[in-house]
Amino acid sequence: MAAQHDARRVSERDFRHCEEVFPGAGIVLMIDRGTSELILAGYVAMTRRGFALPCFASGPRPNAWYTATCSVDADHLGTIIGFEVFESDDIVHLASQVHRPVLIGSAWTDVFIWKERVFVGTPQEIWNALEEERDQMLSAVPITGLDLALSVPDQNVAPLLGSAVDFMRNRFGDEKALAWKETLARQQVLIGLRRLALETGLGPTVLSALSGLELLPRGSNELALQIPTDVTRLFEKADSMEDLHGRTRQIVERLGLVLVDEESLESAVQTSLPSETADEIAAREGDRDVRILVAVAGGRRAVDIARLITSPEWRPADIGQGQIMLDIEEVGLNPLKKSVKGKLERPSSAALPGGGYDVVVLLADEEALMSPRISSLHEALVARLDSEWSGISLIAPALPEDVPSRALTDQTLLGEFGAIGFNAVIDTSVARSPFWTGNPRRAFDRRIADVIAGSAVLCGTDGPLRRRLKEYPGAPELLLTFGLEYKHRGELGLASEVTWAHHGHSSAWSARFTAKTVGRGAGTTVDGIVQLRDCRTQFGNFANAVLHDALPVGFADFISEIDVPSKIKRDLAFPDLAAGFKRASEAFEGIAICAEAPSFAALKAAGRQGWAIIRYTDRESIREILMGDSNVGLPYMPRQLRLPPLSRRPENKGLATRGIDPRDVLRLTVADWETWKTRMSSSLRAEMRHYRASLSQPRAVEGREYVLPRRTVQQAAESGDGDALSLLRHVDRRDGRDRTYLLTGKRPADLRVAWSKPARGVSRYILSDGIVPCEFAELKPNEVPAQRFFIIDGDGAVPALLGSRIFAVWARITLTRSMSWMPRFSVGRTFETFSVLPPFLVTRAEAGLARLTLADNKRLRKLAEELRRLYHQRSMDSAKKLQLEIDGVILRQLNLAEEASDLAIVELLLEAEYARHM
């Protein structure tokens, strides 16, 4: 029931919590009293048809959205046991007549899409509502139909499974069809047995242990089930083995399959994945501390990543209540330098015998890892730890931003690391993969930090991974990688740009582990897998999987693989990490998907060959090219490319200011304002502003909001203003904030700009964050914008230039991109590096605020003022047409043709940057 969007558990800071035990489950959950009753009011479409992600809110016009947590993961027949705050730009509001109220303990409620229609209810209710179109659905999309039917009790699904397997076989062949059927059967058995475990009163231990369940094919329709010993032991203790046998057979037979070798239900599991015996687990049930030293070998990237390394948000189950102790020190190639950071959960472990460390990680930039003196550094580290040390030493490449790491791709270099004495190399590039199984909210560098910390912790426990590395020292050509809650993606969740091991093709060694979360959602048990993988890239397979993930269902099936021309590869830094694809299109001969951000030379080389070249992380450009945008031409300029270093232009400082941070203000509804305005002092009333949350202003009075600077109200309260104190308490109680919430300002400088007035003769505009081409509106006096806007002062030059194609091209390539958040503009990277060329210029008002204006150019000034008038009237269609005319004038002013490519525009702007430094 999870989605790849921005979700987080309700934290203590946001809401008041209490601990409750869900009846019959034995699971401790963090339940928010304030969000125990919600309305199913929206959804996120995960595919064009089928189940969508239900989204819940406290009312029809929500300020916050939630997703529900199910008693059994992926069980459409489960119950709701909690809610998590959810943030996404893709939420679709449901019509009010289909809103569905839900409570903690309610039956799971779904949203299902079919033929542009949206159905809400339990699977049975949705199945009944589709009665007239059900046969058509089952015939046209048998997998979608089966997905629904599996959650309808007593529905005969065996023939539906046969149709779905035939569909898979016709599309992908026998092998993939059979693998899909086995995966489906395993998922259904897992759901059924986890449901049984809750009914029996067994706790999270058995829920986690069930992840070791295996289904082995014994014929075309026969499966042998192997269940871990720990699971059978727990069911025997609960006197429920007969129920386990019966439930398993019932599930398998419902699918029209045959369960054989049933005695294996009572035998220990012996699979290719090593696991510890019950005696081994019992022998180390005591608490176990893990001590880690991260040695940072200099370089900006390594230091930046090191500053983000903290203990993981989970703990391996086998360390019990033990703690993870983490020291981070900066070192040189000779000798060690002083500590730059110590993130300790206990006093430093450096004084303990043998250096006190279970694991030492060398975090280094490319330059340090390529240095011949890397062996001296390893010797210095070992000497620091003394002769008694017998721990694990790892290398963690500080992944470059624009290209892969040589340390992860060069077989010779990996062999040298082993000869020096390192036990393994962490595959930090998995943090860049779209299939990464970690926290989806993490920024890129934080993901790398999480990979490093998690790998070190797993090597520090007395588990099979540590034993494997001890038994086969000096072989780090096998890259170390791991994944949490990986089941929904399989081994694909561990693949990266440098290693491909889907379905075990390149996995040299594998083990499962169990962990418990800490912090938010503490106590939740999660399954994990850790692997040592061959460095055999098979990048073509990885790129193919990326395309299937990035494109809507079915699109990638019409794309064929072809070779990338050598004339393109020679301009790539990593030519082996590039794969070619072809789609029926007149615009392109082919599309090269590569592991690096393409350089200008590579873009031009690709254009000359009639190709486009795109980094695999550039999902927007992949969709634009392969989904047939008719406006795309050659040479194609993707959104992610390798730019030279950009410096900020001093004259642009303060040109753009981000809108107000909601934590810096008190937001009041119309009703609030009417209640409190007569109780406020005149000085507080003078600070009131209208809150602008969208480009279009709300027409209804009740849709408006007012804001006051939070710090101003706090200061009034501290000075004895009882009404100001009451207002603070009212707003904090309404928003679920505690009394210690943000006693200091979050972004006071931006707040001051928002509350200021523009200079005489200029207007104040707001520009939507991350949207290209840019969208504008003109602020009215006494309006302040939401955080999702930028404030820019000026005359008609603002919409004329920042709405132009020239700025759109620049904004697109300087967007700050995240793996989880929507792309955003950056004050420094987007606005302050932009070359404002004549006839536009940046001037400063007496108050020091920058403003964008037009110099003497009668034709352009006239057009710009007309554009300003159209924006003021919100005549957007007319404004867009006029903008095209203005674009032509600007391009001619810069000696560029109207049909100039995006690449030519960027090169002109960069030339202006170079000229400034000459």
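In this predicted model, the buried residues of helix 29 pack against strand 32 (763-768), strand 33 (776-778), strand 36 (840-844) and strand 37 (850-854), along with helix 26 (797-802) and helix 30 (876-893). The residues in question are Leu860, Leu863, Ala864, Leu867, Arg868, Leu870 and Tyr871. They sit on the same side of helix 29, because the arc they cover around the axis is only 165°.

As for its dimensions, helix 29 runs over residues 858-873, 16 residues in total. From first C-alpha to last, helix 29 reaches 23 Å, close to the 22 Å expected at 1.5 Å a residue. Just past the end of helix 29 comes arginine 874, which takes a positive phi of about 60°.

Elsewhere in the chain, there is a helix pair to look at. Helix 4 (residues 158-172) and helix 5 (residues 174-200) pack with their axes 7 Å apart, at an angle of about 145°. The crossing of helix 4 past helix 5 is right-handed. On the helix 4 side, the contact is made by Leu161, Ala164, Val165, Met168, Arg169 and Phe172; helix 5 brings in Asp174, Lys176, Ala177, Trp180, Lys181 and Leu184. Sorted by class, this contact of helix 4 with helix 5 comes out at 8 nonpolar and 4 charged residues, with no polar ones.

Definitions and conventions
Residues numbered from 1 in each chain as written. Predicted model: local features only at pLDDT ≥ 70, side-chain atom pairs only at ≥ 80, totals over all residues. Heavy atoms only, no water. Helix = DSSP H or I, 4+ residues; strand = E, 2+ residues; numbered from the N terminus. Expected span 1.5 Å × (residues − 1). Buried < 20%, exposed > 50% of the residue type's maximum accessible area, 1.4 Å probe, protein only. Arc of directions from axis to C-beta. Contact = heavy atoms within 4.5 Å. Axes fitted to C-alpha atoms, helices over the stretch in contact; angles between N-to-C directions. Left-handed = near helix turned anticlockwise from the far one by under 90°. Nonpolar A, V, L, I, M, F, W, Y, C, P; charged D, E, K, R; others polar.
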